[in-house]
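Student: Could you take me through one part of this structure closely, namely the strand pairing and the charged contacts around it, and then the charged patches on the surface? Please state each cut-off where the term comes in.

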Amino acid sequence: MTMLDALASVRDLGRLQEIASVFVRHGFGDLVRRSGMAGVLERAGRLLHWEHAEARRKMKPPQRLRSALQELGPTFVKLGQVLATRVDLLPPEWIAELGLLQNAVPALPWEAVRPQLVEDLGVEPEVAFARVETIPVAAASLAQAHRAWLHDGTAVILKVRRPGIVEVVDADMRLMARLAEMVESQLPDLRRYRLVEVVRQFRTSLRRELDFAAECRSAERIAANFADDDSVLVPRVHWQWTSERLNVQDFVDGIPAGDLPAVDAAGLDRAALARAGTGIVLKMVLEDGLFHADPHPGNLFFLRDGRIALIDFGMVGHLGERRRFEIARLLHGMVVQDAEAVADILLDWSVGGEVDEERLEADTAVVVDRYQGVALKDLRMGTMLSDAAGLLRSHGLMLPPDLALVIKAFLTLEGFGRQLDPEFDMATEARPWLERVMRRRFAPSALARRGRRGLAGMLEFGAELPRDLRRLIRAARGGRLGARIEIPTLQALGDQVDRAASRLTMGVITAALIIGSSIVMNSVGGGARNQWLMALGVAGFVGAAALGVWIVYSIWKGAHRR
């Protein structure tokens with residue numbers, strides 16, 4: 001199947017033309033040509049306009065990419081936000097620019113969302129709630145929020161999924177996956193970004209974010225982890241009204257964390273807030289293993305009594321005990337200049353690609369040496385983790401998604417802390433948490449637990465070993481034991497030889513038909529009884545012509561396949 005066949009639907013071709021046109025206008029015309037998008041559109045009779053891109057060419061490439069993604073709509077905006085977490089794939093300047101992507105889009109009128117709201121509530125909104133504000137307090141690419149009040153006077157927020165957004169996202173994701181395949185096949189120099197894998201992970205993340213019920217379950221799990229901490233507020237979920245398309249939680253009447261003048265006007269202690277916010281995130285990451293993966297200032301609110309409220313749990317990360325220990329060990333290794341330990345952790349984290357371990361360790365030693373003699377208060381944890389991710393990026397490796405989210409969370413947290421308090425020292429704040437993680441890993445109870453698991457595994461293996469050996473010996477005795485070795489390159493070479501032999505055979509048959517038919521037609525007289533021989537000769541020529549066309553088409557198809 002050709003790529004044109006894969007993009008056969010009119011809808012996909014129309015959207016592909018729109019995507020290609022946007023990238024051309026933003027100065028990425030060469031990428032459009034090299035990826036094959038232009039060729040697909042031209043064969044489908046679609047034209048691209050290659051002019052009017054000069055103004056945007058003056059912008060830096062990261063700015064042009066951000067502008068293009070913003071113009072392409074919700075799915076691509078979300079993709080840009082996910083890419084902003086991939087410090088292992090993109091340099092810092094690209095991460096910073098993509099981090100500016102905003103969800104804010106024009107809100108839908110109340111009449112457009114009300115039918116879906118009635119369907120989800122099962123009753124009219126005016127019946128379910130004492131009062132509903134028809135003008136939204138916020139609007140984003142996937143949802144918009146309306147303020148309402150329960151009949152007992154409790155203020156709540158209705159987070160309503162945009163009607164029809166799932167169909168839009170599904171169509172874009174289908175096309176985005178195909179585009180990633182096209183780019184990887186046509187542009188070998190971009191394969192190190194593993195676009196197909198990034199899109200696959202993005203699809204999983206976006207589907208989870210579109211499920212508001214799952215978001216609420218994550219909120220309740222995090223709230224349970226802070227049940228004994230009165231300084232943290234996670235809005236209560238009202239499950240009688242909550243569903244996949246509707247999230248109803250308590251309204252948070254607080255100061256947005258990014259509104260520093262309002263923080264000062266309320267008389268709040270910025271330094272104390274920075275320390276408290278850091279403690280909240282460190283507890284989620286290093287102790288609980290379930291963390292808010294997007295702790296930017298828009299998702300944090302400061303209450304006037306000094307508490308901190310967390311909202312929007314659409315993007316959460318999960319870390320097992322081993323991952324938490326690896327993060328602590330990595331940071332400790334960078335602080336004490338243990339390049340070998342850091343390289344070992346990075347090798348454990350890396351996904352895909354061939355690794356030159358000696359070169360990675362040498363590069364790690366150079367990076368780690370930067371922190372030689374640096375005082376603890378002057379260390380930047382986010383920068384250290386970003387440097388570690390940069391090592392993977394320079395070696396063509398990538399992080400698992402959970403670790404990419406952790407590094408992005410640390411970078412965001414450290415920047416936010418210094419915005420609140422220029423003297424903020426994250427390394428000092430994190431040190432006791434890291435030490436606790438290290439101690440827990442080697443505590444007698446933890447060692448005993450891992451020992452029991454290992455012993456149970458060994459016992460199970462030992463119990464199964466006699467039966468496995470018996471099966472192996474029985475297979476050997478019966479002549480059923482064999483080894484199979486597959487070498488992809490040799491398989492591909494064999495396929496090419498097989499195709500070439502098939503074409504050669506058909507070429508010989510075609511030549512034989514032509515020669516045989518010529519001999520028959522030249523030796524036949526004009527009598528009526530010889531007409532059937534003449535017909536046989538003509539049939540031979542027709543068959544030879546058909547086989548010739550097949551051979552030419554096969555050669556052409558093979559060339560395009562490569």
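Tutor: Two strands pair if DSSP finds at least two bridges between them, while the strands themselves (E, at least two residues) and the helices (H or I, at least four) are DSSP runs numbered from the N terminus. The model is predicted, so that local features need pLDDT of at least 70 and side-chain atom pairs count only at pLDDT 80 or more, whereas totals for chains, interfaces and linings use all residues. Residues are numbered from 1 along each chain as its sequence is written, and side-chain values use heavy atoms, with hydrogens and water left out.

Strand β3 (residues 143–149) runs antiparallel to β4, and 7 bridges join the two. Within this pairing, Gln-144 has Val-160 of β4 as its bridge partner. The hairpin of β3 and β4 has 5 residues between the strands, and Gly-153 takes a positive phi near 95° there. β4 also pairs with β6 in the antiparallel sense, over 5 bridges, and Lys-159 stands opposite Asn-247 in β6.

As for burial, a residue is called buried under 20% relative accessible area, exposed over 50%, and partly exposed in between, with a 1.4 Å probe and protein chains only. By that scale 7 of the 7 residues of β4 are buried, so the strand is largely enclosed by the rest of the structure. In a regular strand the side chains alternate between the two faces of the sheet. In β4, Ala-155, Ile-157, Lys-159 and Arg-161 point one way, Val-156, Leu-158 and Val-160 point the other way, and all are buried.

Arg-161 leads on to the charged contacts. A salt bridge is counted when a side-chain nitrogen of Lys or Arg is within 4 Å of a carboxyl oxygen of Asp or Glu, and the structure holds 19 of them. Arg-161 forms one with Glu-244, where the closest N and O atoms are 3.5 Å apart. This pair links distant parts of the chain, with Arg-161 in strand β4 (residues 155–161) and Glu-244 in the loop between β5 and β6, 83 residues apart. Arg-161 is buried at a relative accessible area of 8%, whereas Glu-244 is partly exposed at 46%.

Arg-245 meets Glu-119 in a salt bridge of 3.4 Å, N to O. Because Arg-245 lies in the loop between β5 (232–233) and β6 (246–250) and Glu-119 in helix α9 (residues 110–121), this pair ties together parts that are 126 residues apart in sequence. Glu-119 is exposed, with a relative accessible area of 59%. Arg-245 also forms a salt bridge with Asp-120, with the closest N and O atoms 2.8 Å apart. Asp-120 is in helix α9, so this second pair ties together parts that are 125 residues apart in sequence.

The surface patches are built from residues with over 30% relative accessible area and no salt bridge, like charges being joined within 9 Å and nonpolar side chains (Val, Leu, Ile, Met, Phe, Trp, Tyr) within 5 Å. A negative patch is formed by Asp-338, Glu-340, Asp-344, Asp-348, Asp-356, Glu-357, Glu-358 and Glu-361. The elements that give two or more residues to this negative patch are α17 (339–349) and α18 (357–369). Glu-357 has its place in helix α18 and counts as exposed at 51% relative accessibility. A positive patch is formed by Arg-470, Arg-471, Arg-474 and Arg-477; Arg-477 is found in helix α22 (residues 444–477) and is exposed, with a relative accessible area of 75%.

Terms used: Areas by Shrake-Rupley, 256 points an atom, 1.4 Å probe, with all protein chains shown as cover. Lys, Arg positive; Asp, Glu negative; His and termini not counted. Charge placed at Lys NZ, Arg CZ, Asp CG, Glu CD.
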